[in-house]
Structures are given as structure tokens and as C-alpha cells.
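Student: I would like to learn how to read helix packing and ring clusters. Can you take me through a case?

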Amino acid sequence: PLFAILYKEGKKLAAIETWRRQALGSMLIVVPVAAVFVVSAEEIIALLFPAGYAPAANVLRIYSILSMGRITAFGTILVAAGRPNLVLRASIVSLVANVAISLPLVMTVGFLGPALGTLLAFIPQVAIYMYFMSICSDVSIRRTFPMKGYLQTLAICAPGCAAAVAIKLNCDWGVGALLAAEATTVVLSFALVGTLTRRILGEDWRFIADWLTLRGLSRAGE
């Protein structure tokens, strides 16, 4: 509703900047949580399914990497701007790209093909959304998705992931203990490094607390 009001009032730049701030906030939750699944895919599969499902760990890992990019609803701005037809066009581009990439991968790498294809097709999907957003908002493509902040977020997540992988490879613990140690390492390291580098500020902690306690959902609907 806020985006629609801003566009109706002609405040296109304000709408984009608000969307960017919300994306920067949500990625502070999505990236570390998805990173836990990337690092601990084997442990999660082992806990949830019988031993025969072990090869599915890499499928889970690929989709978890994809989830690290799904830090916001990319079509929201287009709908708020009164251009829902562009969401359909972007979806068509995504579908075509997915099919074009996935089919050869299915024939070359087997059952991992669809997951890899979906991951790779996400790149042109985001690109076309950024292009359409720039058209609707009269800004350059660089002013749409907060790429710098996203790369910074990935960077502060990297040390914890590296440490968690070291635990995974060097500690002969049970599956549950490994998962707990890896998840704790990723999340706490992300919080510490993010705070020290000032990627995570006081207002970000409040944003995270709101969403983790579901207060963010009620506020979004106001």
C-alpha cells in the first residue's frame, strides 16, 4: 500500500528508495538463514530423511543458494506503479530462461539439472525486473536493486560459513551436534561481523526483531 500511495503522488524515487531499504533489511535475515542450509545440507537431509536421500543434499544446497537471492518481492514495485503486465512479461522471461537452461543440464548432469537451471535462470529474471523497475520509476538500473549492500551482506556472511565448513570437515560429531554447531557459527559470526563493520546498525536490529517476532508483518499491513 505504501508503494502504491507514493506512485500515485508521483514520488517514484521515494518508492524505489523505500523498496531498497526494505530489501537491505530483509537480506539481513534471509542471507544467514539460507547460508545455514547451504553449509549444512547433508546434516539437514540426514536428520529429516532416510539414508537413501543423501544425494538430495546438493539439490537442497542449490535451492538454498537461490534463496539467498530471494531477499524481496521483485514484482511489488511494478504492481504499485500500475504496471502488472510487466510482472507477466518478467515471468515469461523467467520461464523461457528456465526451460532453455534446464533441459540441456538435465541431459548433462542428471537430476541436479532442474535445480541448477532454476538457479541460473534467476539471473535474467532479476535483470528484467530491474529493467522494468527502472522504466516505471524513471531511474537508472543501478538505482533499483541495492547490489552493493547485497554484496556486503554476502561478504560478512563468508567468515562464518568458512568456519562452519571447517567444523563440518574436522569434527567427528553426531549429525544433530554438527548441525547445531554449524548453524550457531554462521548466525553468530554474521551478527558479530555485521555489527563490527556497521553493516548491521541499531535500526537493522530493530527491523530483524520485528520480523522475527512477526511484528513486521502487522506493520507492513498498516
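Tutor: We will go through helix pairs, then aromatic rings. Keep in mind that this is a predicted model.

Student: At what angle do helix H2 and helix H4 pack?

Tutor: Look at the two axes and their directions. H2 spans residues 12-39 and H4 spans residues 57-67. They pack at an angle of about 165 degrees, with axes 8 Å apart. Angles over 145 degrees count as roughly antiparallel, so H2 is roughly antiparallel to H4.

Student: Is the crossing of H2 and H4 left-handed or right-handed?

Tutor: The crossing of H2 and H4 is left-handed.

Student: Which residues in H2 and H4 meet?

Tutor: List each side in turn. H2 brings Val30, Ala34, Phe37, Val38 and Val39. From H4 come Leu60, Arg61, Ser64, Ile65 and Ser67. Sorted by class, this contact of H2 with H4 has seven nonpolar, two polar and one charged residues.

Student: How do the axes of H2 and helix H7 cross?

Tutor: Read distance and angle together again. H7 covers residues 113-137. Its axis and that of H2 come within 9 Å, crossing at roughly 145 degrees.

Student: Which residues meet there, in H2 and H7?

Tutor: Lys12, Ile16 and Trp19 of H2 meet Met133, Cys136 and Ser137 of H7. By class, the contact of H2 with H7 has four nonpolar residues, one polar and one charged.

Student: Now the rings. How many aromatic pairs are there?

Tutor: Two rings pair if their centres lie within 6.5 Å. The count comes to seven aromatic pairs.

Student: Which residues do ring pairs link into a cluster?

Tutor: The cluster holds Trp19, Phe74, Phe122, Tyr129, Phe145 and Tyr150. You have met Trp19 already, in the contact of H2 with H7.

Key: Residues numbered from 1 in each chain as written. Predicted model: local features only at pLDDT ≥ 70, side-chain atom pairs only at ≥ 80, totals over all residues. Heavy atoms only, no water. Axes fitted to C-alpha atoms, helices over the stretch in contact; angles between N-to-C directions. Helix = DSSP H or I, 4+ residues; strand = E, 2+ residues; numbered from the N terminus. Parallel < 35°, antiparallel > 145°, perpendicular 65-115°, else oblique. Left-handed = near helix turned anticlockwise from the far one by under 90°. Contact = heavy atoms within 4.5 Å. Nonpolar A, V, L, I, M, F, W, Y, C, P; charged D, E, K, R; others polar. Phe/Tyr/Trp six-rings, centres within 6.5 Å; stacked < 30°, edge-to-face > 60°.
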